[in-house]
Amino acid sequence: MARHVIGDIHGCAKALRSMIQELAPTADDELIFLGDYIDRGPDSRDVVEQLITLQSTCKVVPLRGNHEWMLQSVVSRGMDDAMWLRSGGKATVTSYGGSIGRIPKDHLAFFESLLPCYETENEIFVHAMYDPSCEVVSQSDELTYWTHLPPSLPAPHQSGKRVYVGHTPQPTGEVLRHTHLVCMDTYCFGGGYLSAMELESETVLQVDRHGHIRRVPVERIAMLMKGCVQWFQGRKP
């Protein structure tokens, strides 16, 4: 059984499609999504459709991000849509034909099914941030959905579990990886990548917003070749 955690998608449907094809999940596999499936990118509707379809292929654990929180607040709780539209919601409305009234019922049900967090024996998954001193399920919505990682990272969680978050874009396009904390938002919609990490091996798969799998950069290949040459030269008598 393979287990992967996947960062913020933000409407990048081509990236998600290529990633799913590359991972080729089976019924025993688990894919944990950290939220922010919609807004900003070009095709939020297609992203949601893919995630719904994926649920019949493998175990999907979809968390709620702040962008799904805003959509649900507008659709179900009567919140004014100004903040959401300013935050990328216009792209989502466009993908649904120009009106939130055109969002299909199964998509609305998907949004309602999203989890605030997910916890296993060794891991905690939450969209945005965590309080090291309390259970994640009991913390405020502000932390769960909205708070970005500070420059001085939070302390390890009191449970000793490693915490996986999204929400804070990593402008380098690289996964932020520490012993106690991993941030999977690698800025796909902004020119970075959609990232998936296999939880046991920590192998990372990355895809850009056009659906292209990230390959080893030429510079890294050159460095590896240079290292091999130096190694062989060092072995000469």
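Here are a few notes on the charged and aromatic side-chain contacts in this predicted model.

1. R3 and E30 form a salt bridge with an N to O distance of 3.1 Å. R3 sits in strand β1 (residues 3–6) and E30 in strand β2 (residues 30–33), 27 residues apart. Both ends are buried, with relative accessible areas of 10% for R3 and 5% for E30.

2. The other partner is E200, whose closest atom to R3 in this salt bridge gives an N and O separation of 3.0 Å. E200 belongs to the loop between β9 (194–198) and β10 (204–207), so this contact with strand β1 ties together parts 197 residues apart in sequence.

3. The model has 9 salt bridges in total.

4. The loop between β9 and β10 also carries E202, and strand β7 (residues 176–177) carries R177, 25 residues apart. Their side chains form a salt bridge at 3.4 Å, N to O. Here both residues are partly exposed: E202 at 26% and R177 at 38%.

5. On the aromatic side, there are 7 pairs. In one of them, Y118 and F125 are stacked, with centres 5.8 Å apart and 25° between the planes. Y118 is buried at 17% relative accessible area, and F125 is buried at 0%.

Note on methods
Residues numbered from 1 in each chain as written. Predicted model: local features only at pLDDT ≥ 70, side-chain atom pairs only at ≥ 80, totals over all residues. Heavy atoms only, no water. Phe/Tyr/Trp six-rings, centres within 6.5 Å; stacked < 30°, edge-to-face > 60°. Buried < 20%, exposed > 50% of the residue type's maximum accessible area, 1.4 Å probe, protein only. Salt bridge = Lys/Arg side-chain N within 4 Å of Asp/Glu carboxyl O. Helix = DSSP H or I, 4+ residues; strand = E, 2+ residues; numbered from the N terminus.
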